[in-house]
Amino acid sequence: MLAGFLYQMRFLDLHAIFMASPSPKLFAKKISSWYTDHERELPWRATNDPYKIWLSEIILQQTRVAQGLPYYRDFARKYPTVQDLAAASEREVLKTWEGLGYYSRARNLHACAKKVVKDFNGVFPDDYNDLLSLPGVGEYTAAAISSIAFGRSHAVVDGNVYRVLSRLFGLEDDISSGTGKKAFAALAAKLLDHEQPGIYNQALMEFGALQCVPKSPNCTSCVLQRNCHAYQHKLQDVLPVKKRKVKVKRLFLTYLIFKEGSRLAMRKRGNDGIWRGLYDFYSIETSRYVKPDKLMKEDKALRDFEVVSISDPVVHVLTHQKITARFVVLKGPAKGRLKTLFQEEGLRFLSPGAVAARPKPVLISRFLTDSAILD
């Protein structure tokens with residue numbers, strides 16, 4: 001029974017906490033009924049095609065639906081099948097992904113499509129463990145695909161699920177800890193509706209996304225209010241518990257932009273770092289802000305160049321980094337004076353059309369748009 005299960009998870013006084021808590025079956029019924037009335041009309045919910053479901057899940061990792069929806073439509077239009085995606089070049093895939101961030105997702109997306117075509121004859125496997133063998137597919141994504149596309153009984157646990165279950169049942173386990181993750185996974189599995197696992201999983205995630213939101217949840221109209229531990233004890237702002245804090249590194253980038261007529265010198269990033277395979281300008285990295293003229297005086301190849309313009313600082317926040325960038329447009333000697341630098345950095349002059357066609361970090365794309373340097 002659910003009460004006995006929760007008791008084993010170190011919770012006391014369950015009668016006071018739950019106040020006639022629903023059984024797993026009743027809980028699933030309430031969540032699914034709520035979903036029937038509040039489900040958003042999204043294209044990946046109108047199909048059981050595992051390719052489209054997988055595509056949506058990868059795009060929506062750490063991404064809001066409003067931001068991810070146009071990307072999903074773009075990918076589904078350009079690559080209607082997994083074979084189409086596998087046949088595309090990495091540059092095409094990265095360009096289509098441009099602006100979504102976390103580019104490892106795009107590279108895994110491409111690698112996964114190739115593996116499905118090569119190892120599974122172009123058909124997504126319906127086995128949970130086979131799904132886990134695919135690049136970029138973890139426990140959550142495998143559970144989502146297997147339950148929604150194939151009706152397999154695997155419970156999903158994402159940020160929305162953590163929040164709903166921790167508030168409803170008063171789970172104070174740290175969701176960033178291994179112990180906490182196991183506790184939530186066990187409870188999610190206990191509550192799973194085995195008759196309609198796909199519908200139930202989507203309902204629970206949607207409930208967290210629309211009703212039991214991180215800040216100021218709409219508790220007054222919540223169908224689970226009567227049974228909610230957080231509501232009864234005013235713990236909505238406390239649960240879920242997440243103690244581990246991400247250490248953010250400060251980074252200063254000075255981009256030096258060499259122009260030749262309307263062409264700009266760009267390089268393709270190497271095979272390391274978060275922006276590998278993307279195109280950007282030559283840059284100098286420092287741990288604090290250093291004036292561009294000082295940086296240029298320290299480099300013999302740059303001493304004869306004149307600074308045409310310096311952008312205002314642009315702050316770009318990533319999960320583990322806070323980047324402050326400045327873009328410096330230079331005027332000076334011909335490319336021959338920079339031959340060594342161009343060779344070492346892989347720089348080459350690109351036409352405005354070629355610049356626009358290359359996949360770039362969002363930091364670079366925004367500068368190009370805001371500065372109108374290509375016009």
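**A walk through the fold**

In this chain, residues 24 or more positions apart account for 66% of the contacts with a separation of 6 or more, a contact being heavy atoms within 4.5 Å. The model is a predicted one, in which local features need pLDDT of at least 70 and side-chain atom pairs count only at pLDDT 80 or more, while totals for chains, interfaces and linings use all residues. Residues are numbered from 1 along each chain as its sequence is written, and side-chain values use heavy atoms, with hydrogens and water left out.

Let's start with the overall picture. The C-alpha atoms fill a box of roughly 80 × 45 × 30 Å along the principal axes. Of the 375 residues, 48% are buried (under 20% relative accessible area with a 1.4 Å probe, protein chains only).

Now look inside. Leaving out residues up to four places away in sequence, Phe281 touches Tyr255, Arg267 and Phe327, among others.

Turn next to the helices. The chain has 18 helices and eight strands, taken as DSSP runs (H or I, at least four residues, for helices; E, at least two, for strands) and numbered from the N terminus. Helix 10 (residues 139-150) and helix 13 (residues 197-210) have axes that come within 7 Å and cross at roughly 130 degrees. Tyr140, Ala143, Ser147 and Ile148 of helix 10 meet Pro197, Gly198, Asn201, Gln202 and Met205 of helix 13.

Definitions and conventions. Axes are lines fitted to C-alpha atoms, for helices over the stretch in contact, and angles run from 0 to 180 degrees between N-to-C directions. Buried means under 20% relative accessible area, exposed over 50%, partly exposed in between (1.4 Å probe, protein chains only).
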